[in-house]
Amino acid sequence: DSIGRGGKERQIFIIASELLARGYDIHIVSMNKSPISYIDEYFFPLERIIFLKGKKFSKIISLLKIISSNMNSIILAFDTISAFICLVSYKLFNIVFINCSIRHGIRLKKFSHYFRSFVARLSPYVIANSYAGLKANKLKKNSRRFVLYNGNPQIGKVLISPERKSYLRENLFGHIIQSHDLVFISVANFVPYKDYFTVFKALEKFKEKRKFYYIIIGDGIMRMQIEEEIKIRGLENVVILIGQTNKVFDYLMASDVFIHSSRGEGLSNAILESLIAGLPVIATDVGGNREILQPEYSRLFAFQDYLVLYKILETELNILLENTKDKSVFTPVLNNFRVEVMIGNLEKILNKAVA
(Lines give C-alpha, C1' and ligand atoms only; values in the text may rest on other atoms or scores of the structure.)
Protein backbone atom coordinates (compact mmCIF):
# COMPACT_ATOMS: atom_id res chain seq x y z
CA ASP A 1 0.00 0.00 0.00
CA SER A 2 2.98 2.30 0.62
CA ILE A 3 6.77 2.08 0.73
CA GLY A 4 7.78 4.72 3.25
CA ARG A 5 10.16 3.85 6.09
CA GLY A 6 9.08 1.14 8.51
CA GLY A 7 9.73 -2.46 9.51
CA LYS A 8 7.53 -3.95 6.79
CA GLU A 9 8.95 -1.69 4.07
CA ARG A 10 12.51 -2.54 5.08
CA GLN A 11 11.77 -6.24 4.63
CA ILE A 12 10.17 -5.58 1.22
CA PHE A 13 13.35 -3.91 -0.01
CA ILE A 14 15.66 -6.54 1.51
CA ILE A 15 13.67 -9.34 -0.13
CA ALA A 16 13.37 -7.54 -3.49
CA SER A 17 17.06 -6.61 -3.61
CA GLU A 18 18.26 -10.08 -2.63
CA LEU A 19 15.99 -11.89 -5.09
CA LEU A 20 17.00 -9.47 -7.85
CA ALA A 21 20.66 -10.26 -7.13
CA ARG A 22 19.83 -13.98 -7.45
CA GLY A 23 18.43 -13.49 -10.93
CA TYR A 24 14.73 -13.10 -10.25
CA ASP A 25 12.75 -10.57 -12.32
CA ILE A 26 11.44 -8.39 -9.48
CA HIS A 27 9.11 -5.40 -9.48
CA ILE A 28 7.56 -3.48 -6.59
CA VAL A 29 4.08 -2.00 -7.06
CA SER A 30 2.98 0.66 -4.57
CA MET A 31 -0.34 2.44 -4.06
CA ASN A 32 1.31 5.52 -2.59
CA LYS A 33 4.61 7.32 -3.08
CA SER A 34 6.40 8.42 0.08
CA PRO A 35 9.04 11.19 0.25
CA ILE A 36 11.22 8.88 2.38
CA SER A 37 11.95 5.24 1.59
CA TYR A 38 14.66 2.57 1.50
CA ILE A 39 15.21 2.82 -2.27
CA ASP A 40 18.71 4.29 -2.05
CA GLU A 41 19.72 2.37 1.07
CA TYR A 42 19.21 -1.00 -0.60
CA PHE A 43 20.20 0.13 -4.12
CA PHE A 44 16.95 -1.10 -5.63
CA PRO A 45 16.51 0.19 -9.22
CA LEU A 46 13.92 2.95 -9.38
CA GLU A 47 12.77 1.73 -12.81
CA ARG A 48 11.60 -1.48 -11.14
CA ILE A 49 9.16 0.38 -8.88
CA ILE A 50 5.67 1.13 -10.21
CA PHE A 51 3.80 3.89 -8.38
CA LEU A 52 0.09 3.71 -9.14
CA LYS A 53 -1.48 7.06 -10.05
CA GLY A 54 -4.91 8.60 -9.70
CA LYS A 55 -7.55 8.23 -7.00
CA LYS A 56 -8.00 5.07 -4.95
CA PHE A 57 -10.44 3.35 -7.34
CA SER A 58 -8.20 4.13 -10.32
CA LYS A 59 -5.23 2.63 -8.45
CA ILE A 60 -7.18 -0.55 -7.73
CA ILE A 61 -8.10 -0.88 -11.42
CA SER A 62 -4.47 -0.27 -12.39
CA LEU A 63 -3.30 -2.95 -9.97
CA LEU A 64 -5.83 -5.43 -11.36
CA LYS A 65 -4.55 -4.71 -14.87
CA ILE A 66 -0.95 -5.27 -13.81
CA ILE A 67 -1.89 -8.58 -12.18
CA SER A 68 -3.95 -9.77 -15.15
CA SER A 69 -1.07 -9.01 -17.53
CA ASN A 70 1.43 -10.89 -15.32
CA MET A 71 -0.53 -14.07 -14.64
CA ASN A 72 2.62 -16.24 -14.76
CA SER A 73 4.24 -14.22 -11.97
CA ILE A 74 4.36 -14.91 -8.25
CA ILE A 75 2.64 -12.04 -6.42
CA LEU A 76 3.38 -11.22 -2.77
CA ALA A 77 1.15 -8.70 -0.97
CA PHE A 78 2.35 -7.04 2.24
CA ASP A 79 -0.74 -4.98 3.17
CA THR A 80 -4.36 -5.86 3.86
CA ILE A 81 -5.89 -3.81 1.01
CA SER A 82 -3.45 -5.01 -1.63
CA ALA A 83 -3.83 -8.56 -0.26
CA PHE A 84 -7.61 -8.31 -0.69
CA ILE A 85 -7.19 -7.11 -4.29
CA CYS A 86 -4.79 -9.98 -4.95
CA LEU A 87 -7.23 -12.42 -3.35
CA VAL A 88 -9.93 -11.26 -5.79
CA SER A 89 -7.39 -11.62 -8.62
CA TYR A 90 -6.53 -15.12 -7.43
CA LYS A 91 -10.21 -16.08 -7.71
CA LEU A 92 -10.53 -14.41 -11.13
CA PHE A 93 -7.23 -15.33 -12.79
CA ASN A 94 -5.87 -18.26 -10.72
CA ILE A 95 -2.59 -16.43 -10.07
CA VAL A 96 0.13 -17.62 -7.66
CA PHE A 97 -0.58 -15.34 -4.71
CA ILE A 98 1.11 -15.26 -1.29
CA ASN A 99 -0.35 -13.09 1.48
CA CYS A 100 2.46 -11.53 3.54
CA SER A 101 0.29 -9.04 5.46
CA ILE A 102 0.50 -10.84 8.83
CA ARG A 103 3.15 -8.58 10.35
CA HIS A 104 1.67 -8.15 13.85
CA GLY A 105 1.56 -10.53 16.79
CA ILE A 106 -1.80 -9.31 18.07
CA ARG A 107 -5.32 -8.89 16.77
CA LEU A 108 -7.32 -6.10 18.39
CA LYS A 109 -11.10 -5.68 18.30
CA LYS A 110 -10.90 -3.45 15.23
CA PHE A 111 -12.48 -3.90 11.82
CA SER A 112 -9.12 -3.57 10.07
CA HIS A 113 -7.66 -6.39 12.18
CA TYR A 114 -10.62 -8.71 11.67
CA PHE A 115 -10.57 -7.92 7.94
CA ARG A 116 -6.86 -8.77 7.79
CA SER A 117 -7.60 -12.15 9.41
CA PHE A 118 -10.53 -12.76 7.05
CA VAL A 119 -8.41 -12.09 3.95
CA ALA A 120 -5.58 -14.26 5.32
CA ARG A 121 -7.88 -17.21 6.01
CA LEU A 122 -9.13 -17.12 2.41
CA SER A 123 -5.67 -16.67 0.90
CA PRO A 124 -4.07 -19.72 -0.76
CA TYR A 125 -0.70 -19.09 0.93
CA VAL A 126 0.20 -16.99 3.98
CA ILE A 127 3.60 -15.89 5.26
CA ALA A 128 3.75 -14.40 8.77
CA ASN A 129 6.94 -13.07 10.34
CA SER A 130 6.23 -14.77 13.70
CA TYR A 131 4.38 -17.74 15.14
CA ALA A 132 2.57 -15.23 17.34
CA GLY A 133 1.20 -13.58 14.18
CA LEU A 134 -0.28 -16.83 12.92
CA LYS A 135 -1.76 -17.60 16.32
CA ALA A 136 -3.29 -14.13 16.74
CA ASN A 137 -5.03 -14.50 13.38
CA LYS A 138 -6.31 -18.02 14.19
CA LEU A 139 -4.02 -19.68 11.64
CA LYS A 140 -1.95 -22.83 12.13
CA LYS A 141 1.45 -23.45 10.55
CA ASN A 142 1.04 -26.05 7.80
CA SER A 143 1.93 -26.68 4.14
CA ARG A 144 0.25 -23.37 3.13
CA ARG A 145 0.85 -21.27 6.26
CA PHE A 146 4.47 -20.33 6.87
CA VAL A 147 6.62 -18.37 9.31
CA LEU A 148 9.46 -16.44 7.69
CA TYR A 149 11.57 -14.55 10.21
CA ASN A 150 12.84 -11.11 9.20
CA GLY A 151 16.40 -11.02 7.90
CA ASN A 152 18.89 -8.25 8.62
CA PRO A 153 21.96 -7.64 6.41
CA GLN A 154 23.90 -6.04 9.29
CA ILE A 155 24.29 -9.29 11.23
CA GLY A 156 27.99 -10.03 11.50
CA LYS A 157 28.98 -6.66 10.04
CA VAL A 158 28.52 -4.32 13.01
CA LEU A 159 31.77 -3.72 14.88
CA ILE A 160 31.19 -3.36 18.62
CA SER A 161 33.85 -2.19 21.08
CA PRO A 162 34.16 0.15 24.11
CA GLU A 163 36.39 2.42 22.06
CA ARG A 164 33.81 2.70 19.28
CA LYS A 165 31.04 3.41 21.80
CA SER A 166 33.11 6.21 23.34
CA TYR A 167 33.90 7.65 19.89
CA LEU A 168 30.25 7.56 18.82
CA ARG A 169 29.07 9.28 22.00
CA GLU A 170 31.49 12.13 21.48
CA ASN A 171 30.74 12.30 17.76
CA LEU A 172 26.94 12.26 18.17
CA PHE A 173 26.51 14.23 21.41
CA GLY A 174 29.69 16.22 22.00
CA HIS A 175 30.20 16.66 25.73
CA ILE A 176 26.54 16.12 26.69
CA ILE A 177 26.90 12.37 27.30
CA GLN A 178 30.08 11.11 28.95
CA SER A 179 31.58 7.66 28.43
CA HIS A 180 30.54 6.51 31.93
CA ASP A 181 26.90 7.72 31.70
CA LEU A 182 24.02 5.22 31.52
CA VAL A 183 22.17 5.55 28.21
CA PHE A 184 18.79 4.02 27.33
CA ILE A 185 17.48 4.06 23.78
CA SER A 186 14.20 3.35 21.95
CA VAL A 187 13.54 3.14 18.22
CA ALA A 188 9.84 3.50 17.41
CA ASN A 189 7.68 6.05 15.66
CA PHE A 190 5.25 8.24 17.60
CA VAL A 191 2.08 6.29 16.94
CA PRO A 192 -0.59 5.08 19.41
CA TYR A 193 0.49 1.44 19.70
CA LYS A 194 4.11 2.40 20.50
CA ASP A 195 3.81 3.12 24.21
CA TYR A 196 6.34 5.75 25.25
CA PHE A 197 4.16 6.99 28.12
CA THR A 198 4.79 3.87 30.22
CA VAL A 199 8.54 4.34 29.75
CA PHE A 200 8.33 7.98 30.84
CA LYS A 201 6.43 7.01 34.02
CA ALA A 202 9.06 4.43 34.93
CA LEU A 203 11.97 6.78 34.17
CA GLU A 204 10.37 9.54 36.27
CA LYS A 205 10.77 7.24 39.28
CA PHE A 206 14.16 5.91 38.19
CA LYS A 207 15.73 9.37 37.90
CA GLU A 208 15.78 9.55 41.70
CA LYS A 209 18.00 6.45 41.76
CA ARG A 210 20.56 6.99 39.02
CA LYS A 211 21.76 9.45 36.42
CA PHE A 212 20.87 8.47 32.85
CA TYR A 213 20.00 9.71 29.37
CA TYR A 214 17.22 8.43 27.14
CA ILE A 215 17.63 8.60 23.36
CA ILE A 216 14.52 8.33 21.21
CA ILE A 217 14.71 7.67 17.47
CA GLY A 218 11.42 8.17 15.63
CA ASP A 219 8.77 10.69 14.73
CA GLY A 220 5.08 10.78 13.95
CA ILE A 221 1.61 12.09 14.62
CA MET A 222 1.99 12.00 18.42
CA ARG A 223 5.12 14.15 18.63
CA MET A 224 3.43 17.05 20.46
CA GLN A 225 1.93 14.65 23.01
CA ILE A 226 5.32 13.01 23.51
CA GLU A 227 7.02 16.37 24.06
CA GLU A 228 4.31 17.43 26.52
CA GLU A 229 4.63 14.18 28.50
CA ILE A 230 8.40 14.64 28.74
CA LYS A 231 7.79 18.02 30.39
CA ILE A 232 5.10 16.67 32.71
CA ARG A 233 7.47 13.93 33.93
CA GLY A 234 10.37 16.37 34.38
CA LEU A 235 12.58 14.56 31.88
CA GLU A 236 13.50 17.49 29.61
CA ASN A 237 17.18 17.37 30.60
CA VAL A 238 17.64 13.64 30.04
CA VAL A 239 15.48 12.79 27.00
CA ILE A 240 17.03 13.43 23.58
CA LEU A 241 14.66 13.32 20.59
CA ILE A 242 16.61 12.43 17.45
CA GLY A 243 13.74 12.13 14.96
CA GLN A 244 14.22 10.06 11.79
CA THR A 245 17.81 9.14 10.97
CA ASN A 246 19.81 6.75 8.81
CA LYS A 247 22.36 6.38 11.62
CA VAL A 248 20.28 4.02 13.76
CA PHE A 249 23.16 1.60 14.39
CA ASP A 250 25.47 4.44 15.45
CA TYR A 251 22.96 5.56 18.08
CA LEU A 252 22.36 1.98 19.22
CA MET A 253 26.08 1.35 19.64
CA ALA A 254 26.42 4.60 21.58
CA SER A 255 23.82 3.31 24.09
CA ASP A 256 23.70 0.74 26.88
CA VAL A 257 20.15 -0.65 27.10
CA PHE A 258 17.30 -0.91 24.60
CA ILE A 259 13.75 -0.28 25.85
CA HIS A 260 10.80 -1.26 23.68
CA SER A 261 7.27 -0.70 24.92
CA SER A 262 4.50 -1.47 22.44
CA ARG A 263 1.02 -2.91 22.42
CA GLY A 264 1.87 -5.56 19.87
CA GLU A 265 4.65 -6.91 17.69
CA GLY A 266 5.11 -9.56 15.06
CA LEU A 267 8.86 -9.79 14.92
CA SER A 268 10.35 -6.44 15.87
CA ASN A 269 13.06 -5.12 13.54
CA ALA A 270 13.97 -2.58 16.22
CA ILE A 271 14.62 -5.31 18.80
CA LEU A 272 16.59 -7.33 16.26
CA GLU A 273 18.77 -4.31 15.47
CA SER A 274 19.41 -3.69 19.17
CA LEU A 275 20.68 -7.27 19.56
CA ILE A 276 22.95 -6.81 16.52
CA ALA A 277 24.36 -3.74 18.28
CA GLY A 278 24.99 -5.83 21.41
CA LEU A 279 22.39 -4.26 23.72
CA PRO A 280 20.34 -5.98 26.41
CA VAL A 281 16.61 -5.50 25.86
CA ILE A 282 13.71 -4.60 28.15
CA ALA A 283 10.44 -5.01 26.25
CA THR A 284 6.73 -5.64 26.58
CA ASP A 285 5.68 -9.29 26.71
CA VAL A 286 3.64 -9.18 23.51
CA GLY A 287 3.47 -10.83 20.10
CA GLY A 288 6.64 -12.47 18.85
CA ASN A 289 9.01 -10.89 21.38
CA ARG A 290 9.47 -14.23 23.17
CA GLU A 291 10.55 -15.78 19.86
CA ILE A 292 13.62 -13.56 19.71
CA LEU A 293 14.40 -12.67 23.34
CA GLN A 294 16.12 -14.99 25.85
CA PRO A 295 16.36 -14.44 29.65
CA GLU A 296 20.14 -14.01 29.71
CA TYR A 297 19.95 -10.76 27.73
CA SER A 298 16.38 -9.51 28.22
CA ARG A 299 13.53 -8.83 30.60
CA LEU A 300 9.82 -8.59 29.75
CA PHE A 301 7.00 -6.62 31.34
CA ALA A 302 3.26 -6.44 30.76
CA PHE A 303 1.94 -3.71 28.45
CA GLN A 304 1.50 -0.40 30.36
CA ASP A 305 2.85 -1.83 33.64
CA TYR A 306 5.29 0.96 34.45
CA LEU A 307 5.85 -0.29 38.02
CA VAL A 308 7.25 -3.61 36.79
CA LEU A 309 9.37 -1.74 34.24
CA TYR A 310 10.69 0.47 37.04
CA LYS A 311 11.43 -2.60 39.19
CA ILE A 312 13.40 -4.15 36.32
CA LEU A 313 15.43 -0.95 35.96
CA GLU A 314 16.02 -0.84 39.71
CA THR A 315 16.97 -4.47 40.35
CA GLU A 316 17.85 -6.21 37.07
CA LEU A 317 19.79 -3.60 35.12
CA ASN A 318 23.27 -4.47 36.38
CA ILE A 319 22.64 -8.18 35.79
CA LEU A 320 21.68 -7.54 32.16
CA LEU A 321 24.69 -5.29 31.58
CA GLU A 322 27.03 -7.90 33.10
CA ASN A 323 25.47 -10.78 31.12
CA THR A 324 25.95 -8.94 27.81
CA LYS A 325 29.57 -7.87 28.21
CA ASP A 326 30.43 -10.90 26.11
CA LYS A 327 28.62 -10.16 22.84
CA SER A 328 28.77 -13.81 21.75
CA VAL A 329 25.67 -14.31 23.91
CA PHE A 330 23.66 -12.94 20.96
CA THR A 331 25.21 -15.15 18.24
CA PRO A 332 22.89 -18.20 18.47
CA VAL A 333 19.69 -16.18 18.10
CA LEU A 334 21.08 -13.81 15.45
CA ASN A 335 22.04 -16.73 13.22
CA ASN A 336 18.30 -17.37 12.75
CA PHE A 337 17.84 -13.89 11.27
CA ARG A 338 20.59 -13.74 8.67
CA VAL A 339 19.40 -12.55 5.26
CA GLU A 340 20.75 -15.65 3.52
CA VAL A 341 18.67 -17.83 5.88
CA MET A 342 15.52 -15.78 5.22
CA ILE A 343 15.95 -15.78 1.43
CA GLY A 344 16.77 -19.49 1.39
CA ASN A 345 13.57 -20.24 3.32
CA LEU A 346 11.59 -17.88 1.09
CA GLU A 347 12.80 -19.66 -2.04
CA LYS A 348 11.54 -22.95 -0.60
CA ILE A 349 8.13 -21.34 -0.03
CA LEU A 350 8.08 -19.90 -3.58
CA ASN A 351 8.92 -23.31 -5.04
CA LYS A 352 6.08 -24.91 -3.06
CA ALA A 353 3.61 -22.26 -4.25
CA VAL A 354 4.67 -22.64 -7.90
CA ALA A 355 4.55 -26.44 -7.70
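In which helix is E340 found? E340 sits in helix α14, residues 339-354; helices here are DSSP runs of H or I with at least four residues, strands are runs of E with at least two, and both are numbered from the N terminus.

Before going on, the sourcing. This is a predicted model, in which local features need pLDDT of at least 70 and side-chain atom pairs count only at pLDDT 80 or more, while totals for chains, interfaces and linings use all residues. Residues are numbered from 1 along each chain as its sequence is written, and side-chain values use heavy atoms, with hydrogens and water left out.

Back to E340. Its relative accessibility is 48%, so E340 counts as partly exposed; buried is under 20% relative accessible area, exposed is over 50%, and partly exposed is in between, with a 1.4 Å probe and protein chains only.

Next, I106. This residue lies in the loop between β4 (96-102) and α4 (111-122). I106 and G264 are 158 residues apart along the chain, yet their C-alpha atoms are separated by 5.5 Å. Leaving aside neighbours within four places in sequence, I106 is in contact (heavy atoms within 4.5 Å) with H113, R116, A136, R263, G264 and E265.

That brings up H113, in helix α4. H113 is buried because its relative accessible area is 12%. Not counting residues up to four places away in sequence, H113 touches I106, R107, L108 and N137. A polar atom of the H113 side chain lies 2.9 Å from the backbone nitrogen of L108.

Note on methods. Polar contact = N/O pair within 3.5 Å; in protein donor to acceptor, adjacent residues only side chain to side chain.
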